Amino acid sequence: MALEALPEAERLFVLTGSDMAQLLTSLISRYSVVAPVPKDPKRKDHVFKAIETPEEVDLRYQNTILPPKKALHLPFEVLFSFDKEGAITHAKDVGPQVLFGVHPCDLHAIAILDIVFKRDYVDPYYVNKRNDTTIVALNCQTVGENCFCLSLGTGPSVKDPCDATLTPLPPVLSEDRYLLEIHTPKGFDLVQGMDLVPAEPDVLSEKSKVIEETKRHFKKRINTQDILEIMEDNFRNPIWEELMEDCLGCGSCTMVCPTCFCYNVADVVDLNLKSGRRQREWDSCMLLEYAEVAMGHNFRKDRDARIKQRMYHKLAYYQPQFGTLGCVGCGRCVTTCVKKIDITDVVARLRGE
């Protein structure tokens, strides 16, 4: 039976802790599974990485250092290699993978990258990985101190397309419980062979209560009403020169951003002069060399021009081009900034608040 023909109740399942371990074990045997994992024993910082066992996964995480986009738009990749005989070897595809436990803000960022890399100018390297990827989103149950996705409508619950969604539910007898919602045939393939009991209808009210409770814990907000006009009117605001004195121009804010997509491409010849490769890696508009052109001219030599570019790209330039703001409210840029430059504070000051 086609997934669309199944009643909603037969696409909803409640997973216990043991069910989750069974699901992850099954996925690991069939896919490369990229999931949130604690980086240190204190479980303060988390990263998305390929897992080998279910025990590695921590679904209680608030945020990760780098967004899960790194599994689709790689920080560094060799596009192809070549030799002096003219032979060209293209990079191998990553193969089927599952992005597991993706928060709503990062899911919205992936939806933006889909537009960037698939609409006007198709990037085959991104598209191949994206087509081979199944995404299991995770509605948030906790809120980080720098999260402000609620203000942007990108969280704490899933609104963008994905293959399946998990929602943490109140535990019963100290056992973890998750609501699993299947949205696509790819999502349904994930649970094939598992003996899962369909959820009772009242589980959706439990889900709503969890999400509403999560919304109460947001402390950081951003007011984006009339943001295009606000940005246009403040292009010469003295705040940019003030921020120049704080900003180190290190590029950390863009490197952790889930919607930044800039990269640099280089042809590298090996020392033997017989072979080489074309590679690309993430680049950043916050770095001094980014806007430098031939003969050494630099269009954004000063840090105030670069930080202005970053803010305007997220809050003004994205909307006309891609139909959405370029900020998803994950707060990573605030967390990683050594000087704690806060985009929500900048907008509030531009608004005179």
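**Labels and cut-offs**

Author: Of the contacts in the chain with a separation of 6 or more, 71% are between residues 24 or more positions apart; contact means heavy atoms within 4.5 Å. This is a predicted model, where local features need pLDDT of at least 70, side-chain atom pairs count only at pLDDT 80 or more, and totals for chains, interfaces and linings use all residues. Residues are numbered from 1 along each chain as its sequence is written, and side-chain values use heavy atoms, with hydrogens and water left out.

Reader: What makes the radius of gyration of the chain agree with that of a compact globule?

Author: The radius is taken over C-alpha atoms, and the globule rule is 2.2 Å times the number of residues to the power 0.38. For 353 residues the rule gives a value near 20 Å; the chain has 22 Å, which agrees. The C-alpha atoms fill a box of roughly 65 × 65 × 40 Å along the principal axes.

Reader: Why is Tyr-312 called buried?

Author: Buried means under 20% relative accessible area, exposed means over 50%, and partly exposed is in between (1.4 Å probe, protein chains only). Tyr-312 has 3% relative accessibility, so it counts as buried. Buried residues make up 49% of the 353 residues in the chain.

Reader: Why does Ala-21 count as partly exposed?

Author: Its relative accessibility is 30%, so Ala-21 falls in the partly exposed class. Ala-21 is found in helix α1, residues 17–30; a helix is a DSSP run of H or I with at least four residues, a strand a run of E with at least two, both numbered from the N terminus. The chain has 12 helices and 11 strands.

Reader: Why is helix α12 described as largely enclosed by the rest of the structure?

Author: Because six of the eight residues of α12 (residues 343–350) are buried. Among them are Ile-343, Val-346 and Leu-350. The buried residues of α12 pack against α7 (227–233), α8 (239–246), α10 (303–322) and α11 (332–336). Just after α12, Gly-352 takes a positive phi of about 80°.

Reader: How many aromatic pairs does the structure hold, and why is the pair of Trp-240 and Tyr-312 called tilted?

Author: There are 10 aromatic pairs. Rings of Phe, Tyr and Trp (its six-membered ring) pair if their centres lie within 6.5 Å; planes under 30 degrees apart count as stacked, over 60 as edge-to-face and the rest as tilted. The centres of Trp-240 and Tyr-312 are 5.6 Å apart and the planes are at 55°, so this pair is tilted. It links distant parts of the chain, with Trp-240 in helix α8 and Tyr-312 in helix α10, 72 residues apart. Tyr-312 and Tyr-317 also form a tilted pair, at 5.9 Å centre to centre and 40° between the planes. Tyr-317 has 37% relative accessibility, so it counts as partly exposed.
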